[in-house]
Structures are given as structure tokens and as C-alpha cells.
Amino acid sequence: MIAADGTIRHDWTIDQIVAVHDLPFLELVGRANAVHRQHHDPNKVQKASLLSIKTGGCPENCAYCPQSAHHREVDLTRDRLMEPAKVIAMAAIAKAAGAERFCMGAAWRQVRDGHEFDAVIEMVEGVRSLGMEACVTLGMLKAHQAERLAAAGLTAYNHNLDTSPEFYGRIITTRTYEDRLDTLATVRAFGIDLCCGGIIGMGETIRDRASMLHVLAGMDPHPESVPVNALVPVEGTPLAKRPRIDPLDLVRMVATARLVMPASTVRLSAGRSALNREAQILCLVAGANSVFYGDTLLTTPNAGIGEDAELFAAIGEPERTCTPASAA
Ligand code: SF4
């Protein structure tokens, strides 16, 4: 019997996580739902909106990512850093559409001090002044930069592990797993929540998936937010020809994340557009309690707002009243 009873633990072994993942499907989903209900309101699904504030031209070589400058075959328009006023206006629109969290991504290897970082600070302050949670993903970060982000009111910093330590070198070679862990520790040291998860469907094994969860679940406290992504193969990237994963594999990953990190917010992220309404609802039953909302997820298609309205109507989540941004 595997002890996955909703207790917060940091001593999971990879073998135990594999055993949880490989439970009979209905048993797994049933257990995950029970733990989900212990720690969360089962009727609450947080909507997060994600905006690419600086697109393309990234010096990293993440094999899945159309924004990498290494993947020259990708058809992507590079953009400079957006103006803070425009970003804040888009956050207000997202809020009016029901988003509670606004995530901003810049395709940088690392943060550099200067006017661009100053602009990001202004964006964070603007989003927070709307009464929304603010999350950014900017690459590697130094302590004084994390301190400035914390002072600006940043809710969370996204920095995904992507996959297991063992498989990492097959996906990215321009940085190391240790680099990732160092940045996560820096962010944590300034009291900013961690948003940290990964991607399935890149050719990794089930043990790799469990190994990534093992790293996350070994953190104390667990990351407050764990995005679970399914690869969206993009033409021109090295993973363009990877087959799409079976949606039930994503359900298994969500359920396993829920069982090993019972109190974290598990976010159904990239790859959602390939799931039908019923598969998405199964992910919510299995413990996902947030979705990214909006038509694009950085640079890959996401479920449209119209389809999302149908999803939320189907699960009966009460409609939120749209609040003008200025009234927040
Ligand atoms: S995933 Fe992030 S770090 Fe990697 S290439 Fe894309 S933008 Fe750069």
C-alpha cells in the first residue's frame, strides 16, 4: 500500500512515485481526487493568463521551444520587450475576462539590470495594482534582482525544471539542472512563491516523469504552483516530430503531482488545446486546479476563450462579475 493519503511529505522516493503513477487508472484518479478535496475547494479553478512580453531570439537551446535562436527553421516573429503600459492594459483585459493571475514571460537566458528590467518591475507593480497575482518568467536571476521583484510585489516566479535531471541533457545543453535549482533557491530566499513544473511527451520515460516530481516534492516547502505541460510539437524545433501524448498520460501526471504535492496549485498548461472538454475535466477531477486562459500560451496555441467559457459552463463554476480594472 502506498501512503498517498494527503500528508505533506518531502521524502518520496522515485520508486514510490512510479508506483503511484502506475496505479490502476481509476484508483489513481480516485485517490488524487480525495487528496485534492482535502486540500482545495474542488469547485474552484483559477484562471491564469499568460503573455509573452518579449518574444523569440533566446540564446538557450531548449529543444521544445520555438523561441530559441538555435532553431532557425521556426517561423516566429521576434519582438522587443513590450511597453509596460500596454502590458498592464492587457492584464486589465484578462482580469475582465476572469483571470486572477497574470503571467509574463520574456525569452531571456538571464535577467540583466538596466531599463528592460526596470520596465518589468513597472509591469509587476502595475499588475499587482489591478488586484491580480503577478508571475514572471525571465530566466536566471541574481539575488539583488529577486529582491527587487519581491519589493515590487511579485507573487511568483516561474522557472520550470522541464524534465528529470537524468533526461535534461537531451533537451537543453546551454544550461544545467544545477543552474535551475540555484535560481529557484534564490527566488525562494526572497519569499517569492515558486511556480515550477515540467513538460511530458518529449521522449522521456515514466521514471523520468517520476524523477522530476521527486525533485519538486523534495523541496521544502513544495513549489506553490506546479504547471504540468504536454509538449506542443512546433515545426522547426528538434521535437517537431514527436507524437502527441495520449491525454490520459497527462491525467496520470496531474494525478501523480496532486498526490505527491497535495497542497500545491497544479496548473494545466501547454497542450490543453489538444484535449477535448471531457479530458480537461478529467484533469480537473484528478487534481488540476488552474488553467491558463487565453488564445496563446507564449507562442503556441491555447484553448480559445470561447471554448473555455464552454468548459466552465460545463463544470458549473459560478460566473465572475467583470470588474473594471480601475475599480480594483
Ligand atoms: S524555453 Fe525559455 S529559456 Fe528555453 S529557449 Fe524558450 S524562451 Fe529560451
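Analyst: Contact here means heavy atoms within 4.5 Å. The model is predicted. With that cut-off, take helix 4 and helix 5. Phe 117, Asp 118, Ile 121 and Val 124 are the helix 4 side of the contact, and they meet Gln 145, Arg 148 and Leu 149 of helix 5. Sorted by class, this contact has four nonpolar residues, one polar residue and two charged ones.

Now the geometry. Two packed helices are described by the angle between their axes and the distance between the axes. Helix 4 covers residues 115-129 and helix 5 covers residues 143-151; their axes come within 9 Å and cross at roughly 30°. Angles under 35 degrees count as roughly parallel, so helix 4 and helix 5 are roughly parallel to each other. Their crossing is right-handed.

Look next at the charged residues. Side chains of opposite charge can pair when their charged atoms come close. Arg 148 and Asp 118 form a salt bridge, with the closest N and O atoms 3.0 Å apart. Arg 148 sits in helix 5 and Asp 118 in helix 4, so this pair ties together parts that are 30 residues apart in sequence. The structure holds 13 salt bridges.

Helix 1, residues 14-21, packs with helix 7 at an angle of about 120°, and the axes are 9 Å apart. That angle makes helix 1 oblique to helix 7. Here too the crossing is right-handed. From helix 1, Ile 14, Asp 15, Ile 17, Val 18 and His 21 take part; they meet Ile 206, Arg 207, Ala 210, Ser 211, Leu 213 and His 214 of helix 7. This contact counts six nonpolar, three polar and two charged residues.

Two backbone details remain. Most residues other than glycine have a negative phi, and most peptide bonds are trans. Asp 162 is not a glycine, yet its phi is positive, about 70°. Asp 162 lies in the loop between strand 4 (156-158) and helix 6 (177-189). The peptide bond from Asp 220 to Pro 221 is cis, with omega near 0°. Pro 221 belongs to the loop between helix 7 (206-217) and strand 7 (225-230).

Definitions and conventions:
Residues numbered from 1 in each chain as written. Predicted model: local features only at pLDDT ≥ 70, side-chain atom pairs only at ≥ 80, totals over all residues. Heavy atoms only, no water. Axes fitted to C-alpha atoms, helices over the stretch in contact; angles between N-to-C directions. Helix = DSSP H or I, 4+ residues; strand = E, 2+ residues; numbered from the N terminus. Parallel < 35°, antiparallel > 145°, perpendicular 65-115°, else oblique. Left-handed = near helix turned anticlockwise from the far one by under 90°. Nonpolar A, V, L, I, M, F, W, Y, C, P; charged D, E, K, R; others polar. Salt bridge = Lys/Arg side-chain N within 4 Å of Asp/Glu carboxyl O.
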